[in-house]
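Subject: A structure for you to explore

Hello,

Here is the structure I promised to pass on to you. Please open it next to this email and follow along as you read.

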Amino acid sequence: RTWCFWGNDDAPFSQLAAYSWKSISVGFADSAHRLDCKDTPYRMLAANLFYAAALSALASAPQIRLDMGCKVLTEPKFVDGLWHFETSLGRLTACKVVDTRPQAKPILGGALLWQSFYGHEIDCELPVFDASCVRLMEFSPASTQGVSFTYVLPLSSHRALVEFTVFSEVPLSTSVLASDLDAAIKRHVKGASFTVLRSEQGILPMGLVSTPIHAEKQNPNYAFAGQGSGAARPATGYAFQRIQRWAEACSVLIGQGKSPLGHPKDSALQAKMDTIFLNVIRQQPELAPSLFIDLFSRVKTQRVINFLNDCPSMLDYTAVVMALPSRPFLAQAFK
């Protein structure tokens, strides 16, 4: 898989990103708005490079042991001040636990919306891609599936990752998305032959519905993290930098002998804005293309990036609100 994020050279792991772009575009039908993001380029970090760096760091820390291919066989039990659980490698005990397992499978009602995507990295015989610009959102007409768009990361003029993405109330499998992905690739390669190098897919929650936590795990020394516990931004699905900020804060607390930290809650303002936005596009999916295009075309690019990167100022919030049509959002806000 790949991690994508906006960031300058100081952003965590930005130097490992093999690809970066200073332009992005958002469009619908035959029109597209191209935007300059040179101050915080859009970067793609391949998971294998990230994992290699992480494994190297762990190997140099003698106080850390990493057990791979280990299955958790029983839920942790808190006895005499320690957590005990059985694994395929034997019994483990710990005074603190950070649990990144999904708390529930993706199901209808588990989130306001689900972001389902399926993509192929392809190598084309002809130079059909503009390697200087990411096609961030190339919207399709609204359908019964929900809000759909094609996402194109051009790695060269011949090579690109092409993904078909849907925001919908129901999580969608690759078999449902396959024909739309094939059509999107066919549209971009313009009849040229191509080879599929690899594939990736995922289902991300957008606006998780709270699930009750077992009373035993309501313990300051048991922290939940990961996609099922708020790792991704609800309104967008972006997670990489959000995860890095959490990991840094959590590791500092553990190093100080304090309780580990789960993903912090979003500010009340951001949570409310995301919930309203998700409800608008859930109930009126036909508005989504114009809403995203308005957001990127009417707001300074850096302000939009700040908003998507979870580091907005009040001026950024204000610019976003002013760029979007008031009627559907006010109607949703007062429901």
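Below is what was found in it, part by part.

First, some ground rules. This is a predicted model, in which local features need pLDDT of at least 70 and side-chain atom pairs count only at pLDDT 80 or more, while totals for chains, interfaces and linings use all residues. Residues are numbered from 1 along each chain as its sequence is written, and side-chain values use heavy atoms, leaving out hydrogens and water.

**Strands and sheets**

Helices (H or I, at least four residues) and strands (E, at least two) are DSSP runs, numbered from the N terminus. Two strands pair if DSSP finds at least two bridges between them. In general, strands of a sheet pair through backbone hydrogen bonds, either parallel or antiparallel.

Start with the open sheet of 3 strands, whose order is β6-β7-β8 and whose pairing is antiparallel. At its edges are β6 (77-79) and β8 (90-94), each pairing on one side only. On average, neighbouring strands of this sheet are turned by 30 degrees against each other, direction ignored (axes are lines fitted to C-alpha atoms, for helices over the stretch in contact, and angles run from 0 to 180 degrees between N-to-C directions). Strand β7 (residues 82-87) is joined to β8 by 5 bridges, and the two run antiparallel.

Next, go to strand β10 (residues 111-124). Is it enclosed or open to the outside? Of its 14 residues, 13 are buried, so β10 is largely enclosed by the rest of the structure. Buried means under 20% relative accessible area, exposed means over 50%, and partly exposed lies in between (1.4 Å probe, protein chains only).

β10 has antiparallel partners that you can trace:

- Strand β14 (residues 194-208) is joined to β10 by 13 bridges; here C124 has F194 as its bridge partner in β14.
- Strand β13 (residues 159-168) is joined to β10 by 10 bridges; G119 has E163 as its bridge partner in β13, and H120 stands opposite V162.

β13 is mostly covered too, with 9 of its 10 residues buried. Strand β12 (residues 147-154) runs antiparallel to β13, and 8 bridges join them. A hairpin leads from β12 to β13 through 4 residues, and V147 stands opposite F167 in β13.

**Two packed helices**

Two packed helices are described by the angle between their axes and the distance between the axes. Helix α4 (residues 268-283) and helix α5 (residues 288-298) pack at an angle of about 140 degrees, and their axes are 9 Å apart. Which residues meet there? On the α4 side they are F277, V280 and I281, and on the α5 side A288, L291 and F292 (contact means heavy atoms within 4.5 Å). This contact is made up of 6 nonpolar residues, with no polar and no charged ones. For that count, Ala, Val, Leu, Ile, Met, Phe, Trp, Tyr, Cys and Pro are nonpolar, Asp, Glu, Lys and Arg are charged, and the others, Gly among them, are polar. α5 is mostly covered, as 8 of its 11 residues are buried; among them are P289, D294 and F296.

**Cysteines**

How many disulfides are there? The count is 0, where a disulfide is a pair of cysteine sulfur atoms within 2.5 Å. For C95, the nearest cysteine sulfur belongs to C250 and is 12 Å away. C133 has its closest cysteine sulfur in C37, at 8.2 Å, which is too far for a bond. C95 is partly exposed, with a relative accessible area of 41%, whereas C133 is buried at 7%.

**A loop residue**

S229 sits in the loop between β15 (222-224) and α3 (240-255). S229 is buried, with a relative accessible area of 17%. Leaving aside residues up to four places away in sequence, S229 touches Q103, L208, F224 and H263.

**Aromatic rings**

Searching the whole structure gives 21 aromatic pairs. Rings of Phe, Tyr and Trp (its six-membered ring) pair if their centres lie within 6.5 Å; planes under 30 degrees apart count as stacked, over 60 as edge-to-face and the rest as tilted. One of the pairs is F307 with Y317, which is edge-to-face at 6.0 Å centre to centre, with 85 degrees between the planes. F307 lies in helix α6 (residues 301-308) and Y317 in helix α7 (residues 314-323), so the pair ties together parts that are 10 residues apart in sequence. F307 is buried, with a relative accessible area of 8%, and Y317 is buried with a value of 8%. Elsewhere, W3, F5, F13, F50, Y51 and F240 form one aromatic cluster.

Enjoy exploring!
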